[in-house]
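Student: Please show me the sequence and the structure, and then we can go through them by question and answer.

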Amino acid sequence: MASQGLVYDGCNFFRQRLVLSTLSGKRVKIKNIRSKDDDPGLRDFEASFIRLLDKVTNGSRIEINQTGTVLFYQPGLLYGGSVEHDCNQQRSIGYYLEALLMLAPFMKTSLKATLRGVTNDPVDPTVDLLKSTALPVMKKFGIGGDGFELKVVKRGMAPGGGGEVVFTCPVCRTMRPVQLTDPGKIKRIRGVAYSVRVSPQMANRIVESARGVLNQFLPDIYIHTDHMKGANSGKSPGFGLTLVAETLNGFFLSAEMSSTPQGQGNPVLPEDLGRNCAKLLLEEIHRGGCVDSSNQSLALLLMTLGQQDVSKVLLGPLSPYTIEFLRHIRDFFQIMFKIEVQKPFEDERKGGDKVPQPR
Amino acid sequence: MDGKVKEQKRHQAKHSGPKAQKKLKKQGGSTEEDECKRNPKAFAVQSAVRMAKTFHRAQDIKTKKHHIPLVDRTPLEPPPVVIVVVGPPKVGKSTLIRCLIKNFTRQKMGDICGPVTIVSGKKRRLTFMECNNDINTMIDLAKVADLVLMLIDASFGFEMETFEFLNICQVHGFPRIMGVLTHLDSFKNNKTLRKTKKNLKHRFWTEVYQGAKLFYLSGMVYGEYQTQEVKNLGRFISVMKFRPLVWQTSHPYVLVDRMEDLTDPERVRTDPKCDRTVSLYGYLRGTHLKNKGQVHVPGVGDFQVSDVNFLPDPCPLPDAQKKRALNEKERLLYAPMAGVGGVVYDKDAVYIDLPANHVNQQQEEVRPTTELVQSLIDTHATLDAKMAASKVSLFSGSVTLDPTDIEEKEGPHEKQVWDPNTQRERRAVVFTEEEEEEDAVTGSSDEEDDNSEDSEQEKEADEEDDNLSTFLKDARARSERTEKTAPPVKRQRVEEEMLVFADSEDDLEMSEEESEEKGQSGRAGDSGHCSEEDEEETEDEEEEDDDQESDDESTVELDQHFLNTLAKDKSDFIFAISSFHFHVVLTLIRRHVILFPSSGTLKWKEGLQQKASEAFLRHQEAAPNLRKLVYGSEADDSEEDKEELGGLFRVSRPQKSKKFKANAVDCSRFIPDTSHNWDLEEVMLNSIRDCFVTGKWEESQDAATLLKEDEELYGDFEDLETGEVHKGQTGEKDDDNDDEAEESLVKVDDEEVQKNKRLDKKRRLKERFDAEYDDGDATYFDDLKEEMQKQAELNRAEFEDVDDETRVQYEGFRPGMYVRLEISSIPCEFVINFDPHYPVILGGLGSSEGNIGYLQMRLKKHRWYERILKTRDPLILSLGWRRFQTIPLYHIEDHNGRHRLLKYTPQHMHCGASIWGPITPQGTGFLAVQSVAGTKANFRIAATGVVLDLDKSVTVVKKLKLIGYPYKIFKNTCFIKGMFNTVLEVAKFEGASVRTVSGVRGQIKKALSTPPGAYRATFEDRLLMSDIVFLRSWYPVSVPQLYNPVTSLLLPVGQKDNWAGMRTMGQLKHDLGIRNKPNADSLYKSEAKGISTPSTFPKELQKSLPFKSKPKQQQSKGKTPRDLQRPSVIREPHERKVAALLHALSTVHNYKRKKAHMVQHAKHKEFLQQKGKQEEAKLKRQKEARKKLYRVMGQMDRKKLRSSLKGAPQED
């Protein structure tokens, strides 16, 4: 057969490549995965990710060489169904869930995925963040209806893990073309301050400090505290904050911060965490756009896989991850985005430039 | 007086003119309306049920008319309509095409070779294609046809080809089909002609649809059809509307009308069988085609398109739309395969790849002599680009250095190489590598902290010296080694200018640069300077060394400045977000610093500040750069290291930094840069204050303005309670203000202003009204339709003003474009055996349609196909674009969901089929033929069906019975051997249920150690040694992986319909003369006498059974014991005689009695008959009597009634 696969070097953007390969049906070969490293080859979490892909697909072929430095992936059919996966604890569930969010609407049967592992860590987008931002983004594209939800059953902080998340997504036949160009003004800020295996007072302290920063802008702020106990609290102590700003047109910008994992690095004061997280949110607002920086690639993917119609999305500055994603989309789908820069008006003070992206 | 009155002129009613008309209209209107009033009963509701029914019916009819609204994606200039002319041989296909072409274009064509495109009207073009009798061609053309002209020889009637083609169409989406009856002049009798026409028409209607158009072409005149009839047919064609077909609208495809072999002639000479590079031309149809996509050429195979570009339309529609008809010039005809339209073609500059030197000469001629002007004209590139293009030669005669060498571009670069053979530019991949110094730089740049750049540069300055020395040494060595092989720079430059759409990426940058150039006239001087340097360098490289140095340094400075500013206000533009880009910029600077240590005052220092600010401005307008940043040719992380770079440097060791980048942490989180200090309240907080609802609103959305607007509209009202009158803020006050302001300036017409204001207000009121009242009627359907309409408009608008070259990159090639596709490595037979009579189609494939896998389909043998199909017999399928041979497994789904293998397809039923073949979307139809070779008398299409599933796990099973024999029998337990061979096998089947032939059920318990494979099993009853035990199991069957594309186009000319693939088992046996040797067990033989053991039934069971089912106890009694035996009686002779006589007498008596009985019986029968007759007569009599009686009674009754009726008035 004439269809050659794509060849990549190195394990960077590993998920993007595999996800896009699965969606496009193009086989992919990734070479030189940490080949010069002391510990060469795929890491455990990547292997775990491949296993997850294998679970949701039917007929994928995966070949890894002896040292794990070369991966060949021939995607199968996205099947879906009920999937349970114990995620590797080197990365949080967000790592796996981000990919699953991209794949879920295109399954053959509706997906019900139970993921176990670390729900919150400082590296990846946490489950709470994805729940409050990624899902609304997907809803804008017409995915949703009954049984489209993400539930945090148990919370598990890094490094111990022990959390559990249930993600269900119905099958979506067609994506709706979208014109997300006017974000509107921010009308409210919501948030979750969570704490497990520490004093419940921690969450309150976080809320206090975060409100201190944000109250300068908006009175409508509600950050609720989520203290999980017993079996639902996972295996490690920790706390964190997720902030979501909702605009008038129903877009969500978010920021989050988690405490450093137990035994790794300096411990963080909850007050500092709250304040820094609030500043991160301000930064995110400064960047603006209709989709926040962590979901840019998701929105772009849904635009790519929609119908032939023109979709537009206003984004903040493109993150490096998104830029690479755009390149990968070109590789896998031969689709290029028309990128324009929208200049702010002179008298407006709305942060940086925005990037609308029609295709 | 009376007379006077009488003389008065009488009114004369008008009978004509506007007055009369008016009256008539009035009357007419009133009568209709009055009918309702005049006869209200007739219009009243008679029955609620009926009313409901009528309402429902009306609604049903209304809703039935609705179709799901789809977004209108038809291109503005659609591709020509493909008209396929089909029919059996000798039916007049070519003649019809010739006549139609003559009708439309007034041109005569000889041989119809390949597609013929003509302009038929102001808005329509047609492509005619003749379909020969080969089933391959029929299948291929059915997939691309918009309209099918189906020719039928009326003198003969329908032929199988017609029905075959109709069936193919039904499977692959039904295009418009128009029947054409020919050979009607062979009918001498008018009546038979009429009858035949009618019969054919009705048969045609049942196949296509009721009322399908059937054309009659009666008779030929001088070998052509009659002009009037052809004209009518042409009219029908040119006004016909087409339905969009699912497969066609979702796939791009090209019906190739021109083919060129681009292979190097030398290569062909040395190796005639080498793979060829061909370019194929044609109109793009269906949907958008992406460059570098995958295509399938039916009859050849799958290919990767190496390049696509669009050409000017060789057969364009007329420009002016005013006229009513086309003039002669606009009636174009384009058929390159038939050798028509070639001249136009050449003139039309389709050979866009002009040789570069030719273009160059032309340019030289017109070039102005003054260098300054020249440089101004030649500003084609930005500073960025120029820096990339500029070259430095360190020593006379050495290889030029250009920054692309110096910069660390760590990937293969493309190099435009002129290929004289193909007469076009080719993109060769050139691998470069990093330099030795690089790790220091990249290491530093990998640090996110951008502020440390300055210090780094200072640090680097220390390293400069030794770097320089090694650099120089290296360069010297190289210059000695290599002779002067300067690349043909000038040619490249020209090519860059001329070949605008040679390659997507380059193209992008080019257009950006050009646009930038246009926009920024202020920068012209700066960039002009650079270009001048560029120019000179190409002419004589050694001369202008100083100048170059200076220029390069200027750029260095400039970029430094830029960077510094960048570091400060980085957050203000997007450009800064990418660490990749910084990476590049930084290293760029470093190189230049190394090369040219700062020395002396040079002219470049003048206006440095200005240049820097300009550069800054330019980068701030980062739009094109963002595009470049994302899609530029940089950032290839996936290349191997090569040993050399630009012929100058050698890599001593691999870069660690680069590897680090390739293996960085895969995380989507965008770590914000720390430059925003949110603690600085005033500065930062204010910058985003307007993002919140509490901030300042835009003019149009501000609550105050909105309120004001409302007030203007609804301001006037009177408070009824208080009687107070509120006056709205109408224009007057504003006008006053305006007037005051304006009177001083200009005299403005007051009235006009007021009028405008009034109009404006009215309009707004109306809008509001419309919004309120029109919404009520809108149904869901209307909303949906409107939404689609909006989307369609948006789609159109988005790329409307973009030029085609750029547009093509975003949305792909539009349908309707005339494209040229280049395919490399096509088999040489395609070119050698090219026959224009056979269609070449390029069918675009979807993203996953290039893969092969398992497909599950629903299949039904065609009713007209004479034989049933056998599992594992190869079958040729036409699915999607493809035709291929594969080995299907037929199966049927049992009630429990099991897919059971079938040996043959059922006769009149659907069954499942699993194949190994190309992945095609679910719901795609397919058809199957057993052989494509030759024409057979009977119907060729064996089966049709649809793809159901693409599941890769095969679930077809077949029944497998394992047989074993008991060798030891206990009460209900048996030891059974012969079923398995090892203990392991038994272990796998532990707990499985087994059965004997006689129906005793049991279960496998455990394996026995000896003999191997024996096991213990328990049964519900005692077994006998003669029983056979079997285990019924289901064995999964694997689908054979045969996928053999039908490569009919590769066959020699004249034999293209003789493709033969894998033979079926039957054919093989027939060809090799092998007879099947039947299994001895399967043969019929006389039944061997076996020991039959009677079955025993429990007593209780016997009792409960009805007599019929009770076992009959008629076994032989066996020997009676001696004591019970009776002695036998032996008669005496006399006794014997008596007995014989008695027997004889009794026989006679019996006979007599029997005879008498028969007579008696007959008599009685007669008697009964007679009696019956009497009875019947009696009944008849009685019936008549009764009838009479009733009649009399009825008459009496009537009389009575009449008299009573009569009597009533009398009584009154």
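Tutor: In helix 5 of chain A, M202(A), R205(A), I206(A), S209(A), A210(A), V213(A) and L214(A) meet residues of helix 6 of chain A, among them P270(A), L273(A), A278(A) and L282(A). Contact means heavy atoms within 4.5 Å; helices (H or I, at least four residues) and strands (E, at least two) are DSSP runs numbered from the N terminus. This is a predicted model, where local features need pLDDT of at least 70, side-chain atom pairs count only at pLDDT 80 or more, and totals for chains, interfaces and linings use all residues. Residues are numbered from 1 along each chain as its sequence is written, chains are lettered from A and ligands numbered from 1 in the order written, and side-chain values use heavy atoms, leaving out hydrogens and water.

Student: At roughly what angle do the axes of helix 5 of chain A and helix 6 of chain A cross?

Tutor: Axes are lines fitted to C-alpha atoms, for helices over the stretch in contact, with angles from 0 to 180 degrees between N-to-C directions. The axes of helix 5 (residues 201-214) and helix 6 (residues 270-287) of chain A come within 7 Å, and the crossing is at roughly 40 degrees.

Student: Is the crossing of helix 5 of chain A and helix 6 of chain A left-handed or right-handed?

Tutor: A crossing is left-handed if the near helix is turned anticlockwise from the far one by less than a right angle, and right-handed if clockwise. For helix 5 and helix 6 of chain A, the crossing is right-handed.

Student: Where does P159(A) lie?

Tutor: A cis peptide bond, with omega about 0 degrees, joins A158(A) and P159(A). Most peptide bonds are trans. The place of P159(A) is the loop between strand 9 (149-154) and strand 10 (163-169) of chain A.

Student: Does Y222(B) count as buried or exposed?

Tutor: Y222(B) has a positive phi of about 50 degrees although it is not a glycine. Y222(B) lies in the loop between strand 7 (220-221) and strand 8 (224-225) of chain B. Because its relative accessibility is 83%, Y222(B) counts as exposed.

Key. Buried means under 20% relative accessible area, exposed over 50%, partly exposed in between (1.4 Å probe, protein chains only).
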